[in-house]
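Subject: Structure handover

Hello,

Here is the structure I promised to pass on to you.

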Amino acid sequence: MSNNNERPRVRSKRRLWWVGALVVVVALIAWAASRPPQVTVATAQMGDLSVTVTATGDVEGRVADLSPTLQGRFEAIYRDEGAWVQRGDLLARIVAPPTGLASAGAMTPYETIVAPFDGVVSRRHVDAGDAAIPGRPAFQVADTAGIWVTALIDDIDVAKVHEGQDVQI
């Protein structure tokens with residue numbers, strides 16, 4: 001019979017613990033809600049207000065696709081993609097295959113590809129030993145001095161944009 005008397009005691013002890021924990025939680029919530037909010041006070045100051053306009057567009061500029069006029073083989077490549085070049089810098093040398101009609105002392109025909117203006121090699125499509133095919137682009141050189149952006153501005157933002165403004169791309 002003592003077994004039956006112990007069960008109600010265990011249940012009542014559990015209930016007391018749950019009720020006690022619930023009281024503590026309610027007391028903590030009430031204490032947190034009664035605290036005044038933290039406020040930081042600052043003095044107003046004059047300053048520049050920046051307006052941000054976001055748009056999608058294309059970066060454009062003068063670009064030259066360079067291809068050989070002589071069929072042969074790229075003997076040497078002198079500039080890699082990303083290299084800065086000046087007008088006249090040598091980019092590649094192409095040699096023509098020897099023909100059966102040439103005499104033993106005759107020079108092998110060759111061609112060079114040079115930078116047409118100051119800029120950067122934006123693409124290099126060939127490696128040394130590749131076939132040189134007239135009309136097939138070997139290099140692309142971009143003029144970095146004259147770059148512009150063509151962007152589509154939303155109607156609501158048009159009044160915020162003016163010619164000559166600094167932009168971040």
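First, the ground rules. This is a predicted model, in which local features need pLDDT of at least 70 and side-chain atom pairs count only at pLDDT 80 or more, while totals for chains, interfaces and linings use all residues. Residues are numbered from 1 along each chain as its sequence is written, and side-chain values use heavy atoms, with hydrogens and water left out.

**Sheets**

Strands here are DSSP runs of E with at least two residues, numbered from the N terminus, and two of them pair if DSSP finds at least two bridges between them.

On to the next pair: β4 meets β5 (residues 110-114) in the antiparallel sense over five bridges, with Ile94 opposite Glu111.

Another open sheet of four strands runs β1-β8-β6-β3, again with antiparallel pairing. Here β1 and β3 (84-85) stand at the edges with a single partner strand each, so one side of each is left without a neighbour in the sheet. Two bridges pair β3 with β6 (residues 119-124), and Trp84 stands opposite Val120 there.

**Salt bridges**

The structure holds six salt bridges, counted when a side-chain nitrogen of Lys or Arg lies within 4 Å of a carboxyl oxygen of Asp or Glu. For exposure, I use relative accessible area with a 1.4 Å probe and protein chains only: buried is under 20%, exposed is over 50%, and partly exposed is in between.

- Glu75 and Arg93 form one, with the closest N and O atoms 2.6 Å apart. Glu75 lies in β2 and Arg93 in β4, so the pair ties together parts that are 18 residues apart in sequence. Glu75 is partly exposed at 37%, and Arg93 is partly exposed at 24%.
- Arg79 and Asp89 meet at 3.5 Å, N to O. This pair links the loop between β2 and β3, which holds Arg79, to the loop between β3 and β4, which holds Asp89, 10 residues apart. Arg79 is partly exposed, at 26%.
- Arg124 and Asp80 meet at 2.4 Å, N to O. Arg124 is in β6 and Asp80 in the loop between β2 and β3, so this pair ties together parts 44 residues apart in sequence. Salt bridges that share partners join Asp80, Arg124 and Asp127 into one network.

**Largest pocket**

How much space lies in the largest pocket? About 680 Å³. Of the 22 residues that line it, the closest to its centre are Val53, Val161, Asp166, Val167 and Gln168. The elements that give two or more residues to the lining are β1 (56-66) and β8 (139-152), and β1 gives the most, with four residues.

As for the method, a pocket is an open set of points on a 1 Å grid over the protein atoms alone, where a 1.4 Å probe fits and protein lies on both sides within 12 Å along at least five of seven lines; lining residues have an atom within 4 Å of a point. Points are joined across faces, edges and corners, and the volume is the space filled by probe spheres set on them.

Best wishes
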